[in-house]
Amino acid sequence: MRALMKGALACLLAACGEGDAEVSCGPASGRVAEVLDGDTVVLESGERVRYLLADAPERTGAGGDCFGPEAHAFNRGLVEGRRVTLTYGEACEDRFGRLLAYVSVEEREVNTLLVERGHACVLHVPPAGRSRRAEFQALEAQARLARRGVWGACAPVPCQR
């Protein structure tokens with residue numbers, strides 16, 4: 001809740017002309033302690049972080065979704081045990097209390113890599129990610145055309161809404 005209030009204050013200051021107030025919802029960086037699935041990680045500090053605009057197939061449940069284990073392995077290979085930087089969008093948290101962020105490791109943004117390589121579909125839950133939605137939709141369209149990842153391996157695509 002505190003993160004939501006900080007984000008709302010930053011947005012209000014920006015709207016009132018107090019300069020380019022940057023939304024600060026949580027830490028600017030951290031080390032990934034655990035990769036829960038293709039689109040969610042836990043930092044050593046305990047925060048759960050959900051990648052903005054990326055919705056990977058689930059790896060758990062009754063056998064998991066088609067391509068869920070592959071999306072999880074791809075994400076784990078990129079970030080597990082590594083220091084990542086977090087950039088926040090228009091909303092700080094999702095309805096489950098996870099931080100919403102664009103996550104980068106070694107100058108590579110994981111969110112875009114997941115979508116462009118077909119490990120995730122675009123998920124836009126307003127207002128989170130509004131400013132970059134078209135960019136991510138274009139990446140998904142390219143992956144779909146090239147039949148990368150879920151687009152070539154799964155019918156129906158499990159993360160498509």
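Glu 140 is buried, at a relative accessible area of 12%. Buried here means under 20% relative accessible area, exposed means over 50%, and partly exposed is in between, with a 1.4 Å probe and protein chains only. Glu 140 sits in helix H4. Leaving aside neighbours within four places in sequence, Glu 140 is in contact with Val 115, Cys 121, Val 122 and Trp 151. Contact is heavy atoms within 4.5 Å.

Some ground rules. This is a predicted model, where local features need pLDDT of at least 70, side-chain atom pairs count only at pLDDT 80 or more, and totals for chains, interfaces and linings use all residues. Residues are numbered from 1 along each chain as its sequence is written, and side-chain values use heavy atoms, with hydrogens and water left out.

Confidence next. pLDDT is the predictor's confidence in each residue, from 0 to 100. The protein chain averages 87, and 83% of the residues score at least 70. Where is pLDDT under 50? Over residues 1–21, for which the model has 17 contacts beyond four places in sequence. Where pLDDT is low, the predicted coordinates should not be read in detail.

Now the overall layout. The protein chain has five helices and six strands. Both are DSSP runs, numbered from the N terminus: helices are H or I with at least four residues, strands are E with at least two. Along the sequence the pattern reads α-β-β-β-α-β-β-β-α-α-α. Of the 161 residues in the protein chain, 46% are buried. Take contacts in the chain between residues at least 6 apart in sequence: 61% of them join residues at least 24 apart.

On to the cores. A nonpolar core is a set of buried Ala, Val, Leu, Ile, Met, Phe, Trp, Tyr and Cys residues joined through side-chain atoms within 4.5 Å. The largest has 35 residues. Which members touch the most others? Val 49, Tyr 51, Val 79, Val 84, Leu 86, Val 103 and Val 110. The elements giving two or more residues to this core are strands E1 (29–35), E2 (40–43), E3 (48–51), E4 (83–93) and E5 (99–105), plus helices H2 (68–79), H3 (110–116) and H4 (133–146). E5 gives the most, with six residues. Apart from this core lies another, of eight residues, among them Phe 67, Cys 121, Val 150 and Val 157. As background, nonpolar side chains tend to be buried together in soluble globular proteins.

Look at Tyr 51. Not counting residues up to four places away in sequence, Tyr 51 touches Gly 38, Asp 39, Val 41, Asn 75, Val 79, Ala 101, Val 103, Val 110, Asn 111 and Leu 114.

Arg 50 is found in strand E3 too. Is Arg 50 buried or exposed? Arg 50 counts as buried, at 9% relative accessibility. The Arg 50 side chain reaches the backbone oxygen of Ala 54 at 2.5 Å. Beyond its neighbours within four places in sequence, Arg 50 is in contact with Asp 39, Thr 40, Asp 55, Asp 94, Arg 98, Leu 99, Leu 100, Ala 101 and Leu 123.

Next, helix H2. H2 has twelve residues and reaches 17 Å from its first C-alpha to its last, close to the 16 Å expected at 1.5 Å a residue. That expected span is 1.5 Å times one less than the number of residues. The buried residues of H2 are Gly 68, Ala 71, His 72, Phe 74, Asn 75, Leu 78 and Val 79. They cover an arc of only 160° around the axis, so they lie on the same side of H2. The arc is that of the directions from the helix axis to the C-beta atoms. Just after H2, Gly 81 takes a positive phi of about 75°.

Last, the backbone exceptions. Most residues other than glycine have a negative phi, and most peptide bonds are trans. Glu 106 has phi near 50°, a positive value in a residue other than glycine. Glu 106 is in the loop between E5 and strand E6 (108–109), and exposed, at 56%. Arg 147 has a positive phi of about 55°. Arg 147 is in the loop between H4 and H5, also exposed, with a relative accessible area of 55%.

Two peptide bonds to check. A cis bond joins Pro 126 and Pro 127, with omega about 0°. Pro 127 is in the loop between H3 and H4. The bond from Ala 155 to Pro 156 is cis, with omega near -5°. Pro 156 is in the segment after helix H5 (150–153).

Methods
A polar contact is a pair of N or O atoms within 3.5 Å; within protein, one must be able to donate a hydrogen and the other to accept it, and residues adjacent in sequence count only if both atoms are side-chain atoms.
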